[in-house]
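User: I would like to go through this structure with you and ask what stands behind each label. Could you put it up first?

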Amino acid sequence: NVDTLLELGFPSATAGGSMKEVGLSHWQSPNQGATNSCGFTGLPGGYRESLGYFDSYGSWGGWWSSSSMVSNYPVAVMIFYDSELVELTDYFENNDGLSVRCVKD
């Protein structure tokens, strides 16, 4: 959730790199700044559009957040192959598909 991102230093310029899997096994080059220093091992799953097609595999990863914004849309956390940044967005609709990360308390 957003609180976890704040612990990673969001919106620091390297928070996304600390979340990304290192190397090019799954990520497009250059997978800029990937260190996986927080142990998240984020993969670039892209997304499933509401009409059913899949897009952007390899270039970015997006995860639904349990946090919400001041809108009718859920918050998504995104990381990209060509950046170390993390983006929080409410761009996606409820019927779009992003990755999820289950964490056991």
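User: What pattern does the protein chain follow, read along the sequence?

Analyst: The pattern is α-α-β-β-β-β-β, where helices (H or I, at least four residues) and strands (E, at least two) are DSSP runs, numbered from the N terminus. This is a predicted model, in which local features need pLDDT of at least 70, side-chain atom pairs count only at pLDDT 80 or more, and totals for chains, interfaces and linings use all residues. Residues are numbered from 1 along each chain as its sequence is written, and side-chain values use heavy atoms, leaving out hydrogens and water.

User: Why are β4 and β5 said to pair?

Analyst: Two strands pair if DSSP finds at least two bridges between them. β4 and β5 (residues 86-89) have four, in the antiparallel sense, so they qualify. One of the bridges joins A76 to T89, and five residues lie between the two strands of this hairpin.

User: Which residues make up the largest nonpolar core?

Analyst: A15, M19, W27, F40, W63, V77, I79 and V86 do. Such a core is a set of buried Ala, Val, Leu, Ile, Met, Phe, Trp, Tyr and Cys residues joined through side-chain atoms within 4.5 Å. Both α2 (15-19) and β4 supply at least two of its residues. A second, separate core of seven residues includes Y47, A76, F92 and L98.

Key:
Buried means under 20% relative accessible area, exposed over 50%, partly exposed in between (1.4 Å probe, protein chains only).
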